[in-house]
Every structure is written in structure tokens, then in C-alpha cells.
Amino acid sequence: MSKQTVVVIGAGAAGMACACTLAQHDICVTLIDEQPQAGGQIYRNLTENQHMPADFKDLLGSDYFKGADLIKDLDHPQITHHARCVIWQIDEDGTVYFSVDGKAQSIKGDYVVVATGALERPTPVKGWTLAGVMGAGAAQVAMKRDGIVPSGDVVLAGCGPLLLLVAQQLAKAGCQIKALLDSTTTKDHVNALPSLLPALSNMSLLKKGMEIKVSLKKLGIPHITGVEKIEMSGDTALEQITYHKDGKSHTLACDTVLLHQGVVPNIQISRQLNLDHQWDESLRCWHPTTDDWGQSSNQNIFVAGDGAGIIGALGSQYSATLSALKISVLMGKLPESDLLKQAAPIRKKLKAEQAVRPFINTLFKPKWLRPDDEDVVVCRCEETTVKDIKRSADIGCSGPNQLKSFTRAGMGPCQGRYCGLSVVEILAHAQKTTPDKLGYYRIRPPLKPLRLSEVASLNTLDQKDA
Amino acid sequence: MQYDFLIIGAGIHGNSIAFHLAKKGKRVCVLEKDSPSRHSSGVNAGGVRRLGRDLREVPLSLRSAELWYDLKKLIGIDGGFEAVDQIRIAENENELADCESNVRTLSDLGYTHEEIISAAELKKRLPDINCTLAGGIICKGDGFALPYQSTIGFFEAAQRAGATYHSNQEVRHLEKKDGLWHIKTQNHDFKASIVINCAGAWGADLAALIGDSLPLETIAPQIMVTQRLPYFLTPVLGLSGRVLSFKQMRNGTLIIGGGYRGKVRQAENRGIASLPTLAGLADTALDLFPHIKNVNIVRTWCGLEGKTPDGAPIIGPSLSHPDDFYHCFGFCAHGFQLGPACGEVVANILCGEENRIDISQLSASRF
């Protein structure tokens with residue numbers, strides 16, 4: 001019989017915390033990750049960046065470097081860390097198929113922990129497909145990984161803590177930030193007030209938010225709030241952005257626009273596994289249904305961190321640690337009687353992280369979910385427009401899966417990652433229903449494109465059914 | 001409302017029969033447990049082939065080929081039909097002998113659609129191919145179509161001709177009372193003189209409701225599709241000795257399928273596609289065209305389909321109610337091409353009109 005193994009997918013905050021806790025309980029862990037180094041999005045390239053000059057480190061901030069301990073703890077005899085992996089299929093029984101350097105392989109875990117974090121929400125506004133327009137999160141990745149920042153005039157547009165942070169980081173890095181066009185309204189502030197009191201239990205996070213806002217002011221960035229609508233234009237690439245506020249429109253020439261409307265759970269794997277999901281009305285996204293320990297509707301599969309619902313880097317570590325403790329009990333490595341005792345202090349810290357979420361979610365209520373302009377491309381792979389989707393809705397399209405047949409939306413190489421939420425928002429609005437009633441794309445393998453030769457390399461006689 | 005005909009299942013066969021009956025002025029109702037074209041009819045590989053047909057299906061298939069060419073005239077859309085040659089490659093002399101024997105059998109019966117093609121001629125038509133070529137069979141002017149669009153085309157044409165459709169209606173109970181069928185779904189009752197079972201993978205379950213015990217296995221044929229490539233392949237290819245269906249669509253993607261099955265989850269109304277189970281298929285495809293080894297697969301999928309023990313569909317009167325219940329299911333993953341003609345033939349038979357296409361050997365009584 002093979003050694004008992006837990007496969008952890010994703011070496012971000014959640015995956016690392018989960019792997020370390022499992023290893024501490026003498027459980028063999030296979031940690032599979034896409035990046036060359038552990039760290040995920042939040043602690044991306046941290047190991048390298050530790051050796052960078054002080055001003056660059058200052059720009060990334062002290063919270064970023066807090067991930068160093070987690071990364072160090074991965075150096076454990078029970079943890080095998082596979083970097084540069086592309087996962088393309090996971091079976092219900094816990095078999096994970098992935099490729100490293102173009103070579104396909106598989107491993108079966110007694111349990112699988114999906115810790116694939118969050119994605120930037122797609123922002124389908126007019127002109128979002130122009131060269132020069134990208135996600136604010138993507139810009140941050142380029143900065144952390146390669147020390148690259150956009151040149152020329154930069155405009156940031158949208159809302160969310162990450163947008164403010166990236167504005168601050170880019171400004172400190174010397175970028176010319178022409179404007180921060182914030183979709184947050186006065187009404188959002190008023191609506192968020194009732195959730196401020198419970199959020200006070202997490203003063204450090206609130207303080208950090210305030211510091212960024214003050215810093216943006218000091219850096220002289222024009223911060224325009226209450227922006228109702230934006231559109232970008234340009235001949236072959238981005239040339240200008242027009243924003244609408246209080247019934248007036250203003251146009252700014254610029255070279256780069258960074259869009260952001262918050263992050264949403266990355267549910268590609270949990271959908272491919274056909275786990276139960278639920279719709280989050282305030283964040284307008286789905287997340288897999290899990291219990292207090294992150295166990296999903298498939299008892300072999302746990303979902304930890306932002307992938308199970310946006311909770312932030314620290315919250316992700318705590319939730320993943322709880323999953324690891326529960327798995328330790330299930331695998332006989334931790335007495336059940338010790339579980340609650342060990343979990344209690346972590347759950348308390350998790351609660352503090354959760355307490356601040358309603359405030360953040362209400363304040364940074366996602367907007368620009370449905371473009372008015374019918375020519376806006378929603379599915380970038382298959383170039384499906386708003387008009388195509390509305391026309392399908394008019395002839396009775398029953399949901400996103402039928403929409404694939406009608407329009408090919410969601411059938412390209414990204415497997416619907418960048419259009420799924422927008423498509424559902426547009427369909428639901430056109431049919432006067434809600435996204436949770438329409439459901440989401442069925443996600444099938446490969447989760448990411450995979451070469452024919454990699455599939456062929458798995459050929460064995462017993463798999464043939466000719 | 002009392003219908004002349006009530007059809008269960010809005011796949012290509014149900015829709016085609018509904019269209020042809022409604023065109024004759026009959027009162028037709030179609031009940032679909034999900035949505036029209038939701039299962040195999042909408043998600044198959046789109047092959048429109050006469051090549052390699054079971055002898056019992058040949059007359060129907062030949063008639064269907066005529067209708068595919070005239071589809072636009074028939075239902076108002078062409079369903080993306082592209083007429084291209086279908087080729088079955090023999091990789092050695094034994095396989096070629098099989099091919100020759102098949103073609104001879106057909107020509108002895110007076111059928112000329114399949115022809116032997118030489119290795120040299122194959123090489124000329126397929127310059128990029130890498131496998132050993134002994135020769136093969138060519139069926140000129142077969143082709144492929146877009147399955148969902150074609151099936152929906154029949155659905156819309158049937159509606160225009162006057163057929164009534166009810167989606168999300170799962171038939172739970174059928175009963176004959178005073179010469180009429182009383183059909184109960186989860187929340188509605190329907191009445192009709194004649195019921196037609198076009199329920200595909202669910203056909204035998206439906207037959208059982210009226211006491212017909214018919215053998216049917218559910219299978220989940222899988223397909224994989226690649227990224228878009230420059231155009232390099234016109235005909236649809238198959239192999240004589242190995243399982244493969246290989247073609248390039250107009251948008252440049254390759255559709256690779258045939259014989260490799262996914263997991264069936266009939267209770268959950270789905271099949272599960274799995275890439276590792278397609279390894280052999282990828283291997284075969286690369287034997288033919290090594291230059292596509294770095295081409296990305298972007299999607300796989302599968303659909304639920306009914307398969308009979310002898311590999312041919314069941315088309316004919318019910319065993320227990322021969323006068324007013326008719327079966328048309330179990331197309332064993334090759335029913336898409338037959339759709340247009342099947343509707344015409346079944347409608348003619350059920351209306352007592354002249355029918356020149358012999359389908360008697362497909363009847364349920366053979367089981």
C-alpha cells in the first residue's frame with residue numbers, strides 16, 4: 001500500500017500554511033504550484049525580493065515580507081514541493097494530473113486541499129481589450145516578479161483595497177499616476193458604516209487602509225471618487241480614458257489603464273470537480289460550499305483560503321491551518337479530542353479576519369459588472385459581445401452552458417475564467433433573474449491548455465477502450 | 001389539448017420527426033426532460049457520413065445525405081453543413097482486404113457511395129500524413145455539420161410548422177385509456193393518439209414504462225478539441241484498424257474523437273470527460289500527424305448516448321403496443337447524420353404514406 005499523502009494545490013498563503021501544519025503532524029504532503037517559487041500572489045517572488053535594495057523592499061511593504069517564515073517552513077522532510085506545474089485535471093477520487101516542463105504525471109492524494117486563491121474580477125468596460133489596458137493585480141505581479149512598472153501616464157480605475165495599494169506602490173516606484181478613478185460612492189461609505197463596529201476588532205487592517213489613503217494624498221495622486229462609468233479609446237492602442245461623474249464627462253490622455261473591481265475565488269478546480277457552490281450576493285461571485293473546516297461536498301476534497309471565499313492573506317492561512325488540523329484527525333495523526341483545543345486560538349484569529357469583511361465588501365461594492373455598450377467584447381477568447389449574449393437571452397437561452405452552444409462564449413483556451421461572471425451578470429439581468437438561478441459554466445479538463453503529446457504520454461494499454 | 005402525436009425527446013430525431021409530422025398538418029407535441037438539443041444531438045462530433053454504415057442503415061443514410069445537401073431548403077438553415085470527403089485509411093494489406101470486402105458487399109447490393117482509394121492517391125490528398133498507407137475507402141461528398149445548430153434548426157422549423165414544445169418535462173407515467181395515451185410528467189398531463197419514443201440514452205427506461213423490455217447501454221463518447229490551427233486538412237479521417245475520427249473545422253480547430261469513453265453518470269444527467277482516458281486517442285492522432293505534437297488541447301467533453309447490443313438503432317413499432325407507440329432511439333453514437341431522413345421516413349410510415357426507404361431490419365422485434 002502506498003504511503004498516505006495529502007496533495008495541496010497552490011503554494012500561496014493558504015497552501016503553504018496547510019502544508020506546514022500537515023507536515024508538523026507527520027503527514028506526507030505533495031505541494032503542487034504553478035510558480036517557480038512558493039509564495040502565491042501575495043508573497044510572489046519573495047525569496048528573490050529579499051535580496052533587493054531597501055527602497056524596493058520598502059515599496060513592497062512589511063506585510064509582504066511577513067510571508068518569509070511560511071516559505072522557510074516549507075523546507076520540511078515531509079513536504080515535496082513541485083514548482084512550475086500546470087494542473088489540468090483532478091478526479092473525484094483525489095487523483096491530480098499535472099505537467100512539469102511538458103511532462104505529464106499524476107499523483108493520488110488521500111485528501112486534496114485546493115488552495116488556488118483568487119482571481120481579479122473581469123471588468124468588461126468599453127475599451128478593456130485595447131493594448132495598454134490591464135488588471136491592477138497583473139501590474140502588481142509584474143512589479144513583484146520582474147521589478148517592472150508601467151511607463152508613461154498611468155490611470156487606475158475601479159475599486160478595492162488592492163487598487164489603492166497598487167496606486168501607492170506604483171507612485172512610490174516613480175510611476176506617473178495621472179488619476180485614481182474610484183467607483184466607490186458616498187452611499188457606499190454610508191452603507192458600510194453599520195459594519196464598521198464589528199470591523200474594529202481588526203484595527204491593524206483598518207489602520208493599514210487609512211495609511212494607504214493618507215499616503216495617496218501625500219504622493220499627490222488625484223483620487224476621484226464616485227466615478228459612475230469609464231470608457232477607453234484609441235486607434236490601435238489605448239490613447240485616452242473618459243470618465244463620467246455627476247452627469248459630466250472628463251477625458252484624460254494616458255498610456256496605461258489598470259482596472260480592478262476586487263478579487264473573486266478561483267473556482268475552476270472546484271467546478272471541474274463538480275463540488276457544490278453557492279452565490280455570494282454582496283461580492284457577486286460563487287464559492288464552493290464548505291464546512292467550518294473547509295471540507296467540501298466531496299469528503300476527499302478541502303478548499304482553503306480565498307478559493308473558498310475571499311478572506312485575505314492572513315485569513316487564508318488560518319482557514320488552511322484549520323483544514324490541515326481536521327485532515328490530521330481524519331488520517332489518525334491527531335487525536336480527535338485535541339482538535340477543538342488546537343483549533344480554538346486559530347479560529348479566534350480567523351474570526352477577527354472575517355469580522356472586517358462585511359465592512360470591506362460593502363465599502364468596495366463591485367461595480368461596472370455589465371457594460372451598457374453592446375459592442376463590448378465579454379468573452380475575449382471567442383470574441384463574444386454583449387449584443388451576442390443579449391440576443392441569446394432574447395431567444396430564451398436558459399443559462400451559461402446553453403450560451404456556449406449559442407455563441408461559443410467560454411469555449412476558448414481560458415475555459416471561461418475571464419468571462420464566466422460577466423456572462424452570468426448580463427444573462428441574469430436580461431432575463432430578470434439572479435446569477436444563482438442561472439448557474440455557471442461546466443468546467444471540464446483540461447483546466448489549462450495541454451499539448452497533445454503530453455496527453456499521449458499517458459498512454460497505457462489498460463486505459464484503452466477501443 | 002389532444003395531440004395526434006406526442007414525441008418524447010427533443011434531440012435531432014425527435015425534432016426531425018416533429019417537423020415532418022407538423023408539416024403534414026398533424027397536431028404534434030414534443031416533451032423534453034431538459035432543453036432541446038441538450039444531450040448527444042447537440043454535443044456530438046458532427047460527422048455526416050455514409051461511410052462504414054451498418055448494412056441495415058444504408059438506405060436511411062443515403063436518403064439523409066440527400067437531405068443534408070438540401071437542408072436549407074428543408075428547414076431554412078444549413079446547420080453549418082460542409083460537404084467534404086470521408087476517408088477510412090487502411091494501414092496494412094489485411095486492413096485493405098477488409099476495406100475491399102466491405103466495398104464489394106455494398107456494390108453487390110447496388111450501392112456505389114464507397115470506393116477504394118489507392119495509397120498513392122491518399123498520399124496526394126494527405127501530404128502531411130505520416131502513418132503507413134496501404135489504401136483505403138473514400139466516400140466522396142460526406143461531410144460534417146454543427147450539431148447544436150442543426151438540431152436547433154429542426155426544433156425551430158418544427159415550431160414554425162406548428163409543433164408544440166414543452167421543455168423540462170420528464171415523462172413519469174404513460175397509460176392507455178379509451179384509445180388514448182395519457183402521459184404524465186412531473187407536473188403536467190398530456191393526451192395523444194400516438195406516442196413516439198425519441199429519448200436517446202433514456203429510451204429503454206421509457207420503453208419499460210409501457211412494458212417493452214429493450215436492451216440499451218448508456219455510453220459517454222468523448223471528444224477533444226484543439227486550439228485553432230492553419231488549415232491543413234479537408235477530408236474527415238478515420239482508420240480501418242484503430243479507433244479515430246479526425247477532422248479540422250472551418251475555424252481551424254481539430255476535433256478528435258472516436259471510441260474512447262468517459263464515465264457515465266446518468267442519474268446526475270451527465271458524463272465525465274477525462275483526459276488520461278484519451279491518451280490512446282492522442283497517441284493515434286500523433287501517429288498520423290506528428291507535426292501537431294505541440295498543439296494544445298483546449299477542451300474535452302462528452303455526452304450521454306444509448307447503445308444497443310448489435311450497434312444499430314431501434315426504429316419501429318412497440319412490441320406491446322404496435323399500433324400506437326413507436327420507438328426511435330439507441331443510435332449508438334452515429335445517429336446525427338440519420339436525423340433528417342429518419343424524421344421523414346417515420347412521419348411517412350406513421351401517416352400511412354408511401355415510404356421507399358427500408359428500415360424493417362431496425363425494428364424492436366429483433367431483440
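This is a predicted model: local features need pLDDT of at least 70, side-chain atom pairs count only at pLDDT 80 or more; totals for chains, interfaces and linings use all residues.
Now let me widen the view to the whole contact between the chains. On the chain B side there are 38 residues in contact with chain A, and they meet 31 residues of chain A. Together the two chains bury about 3000 Å² between them, and 52% of that area lies on carbon and sulfur atoms. Which residues of chain B lose the most area to chain A? They are Leu275(B), Pro276(B) and Arg299(B), which together make up 20% of what the chain B side buries.

Turning to the polar side of this contact, the count is 15 residue pairs in polar contact between chain B and chain A, with both residues at pLDDT 80 or more. Several elements of chain B each supply at least two residues to the side that touches chain A, among them helix 7 (147-160), strand 12 (221-228) and helix 9 (279-288). Sorted by class, the side of chain B that touches chain A has 18 nonpolar, 11 polar and 9 charged residues.

There are also 3 salt bridges between chain B and chain A. In one of the salt bridges, Glu92(A) is joined with Arg270(B), and the closest N and O atoms are 3.4 Å apart.

Finally, let me move to a sheet in chain A, an open one of 3 strands in the order 4-5-6, with antiparallel pairing. Why is one side of strand 4 and of strand 6 left without a neighbour in the sheet? Strand 4 (85-90) and strand 6 (103-108) of chain A stand at the edges, and each has a single partner strand, so one side of each has no neighbour there. On average, neighbouring strands of this sheet are turned by 30° against each other, if direction is ignored. Strand 4 pairs with strand 5 of chain A, residues 95-100, in the antiparallel sense over 5 bridges, and the bridge partner of Gln89(A) in strand 5 is Tyr97(A).

Key:
Residues are numbered from 1 along each chain as its sequence is written. Chains are lettered from A and ligands numbered from 1 in the order in which they are written. Side-chain values use heavy atoms; hydrogens and water are left out. Two strands pair if DSSP finds at least two bridges between them. Helices (H or I, at least four residues) and strands (E, at least two) are DSSP runs, numbered from the N terminus. Axes are lines fitted to C-alpha atoms, for helices over the stretch in contact, and angles run from 0 to 180 degrees between N-to-C directions. Contact means heavy atoms within 4.5 Å. Buried area is the accessible area (1.4 Å probe) that two parts lose on being put together, summed over both. A salt bridge is a side-chain nitrogen of Lys or Arg within 4 Å of a carboxyl oxygen of Asp or Glu. A polar contact is a pair of N or O atoms within 3.5 Å; within protein, one must be able to donate a hydrogen and the other to accept it, and residues adjacent in sequence count only if both atoms are side-chain atoms. Ala, Val, Leu, Ile, Met, Phe, Trp, Tyr, Cys and Pro count as nonpolar, Asp, Glu, Lys and Arg as charged, and the others, Gly among them, as polar.
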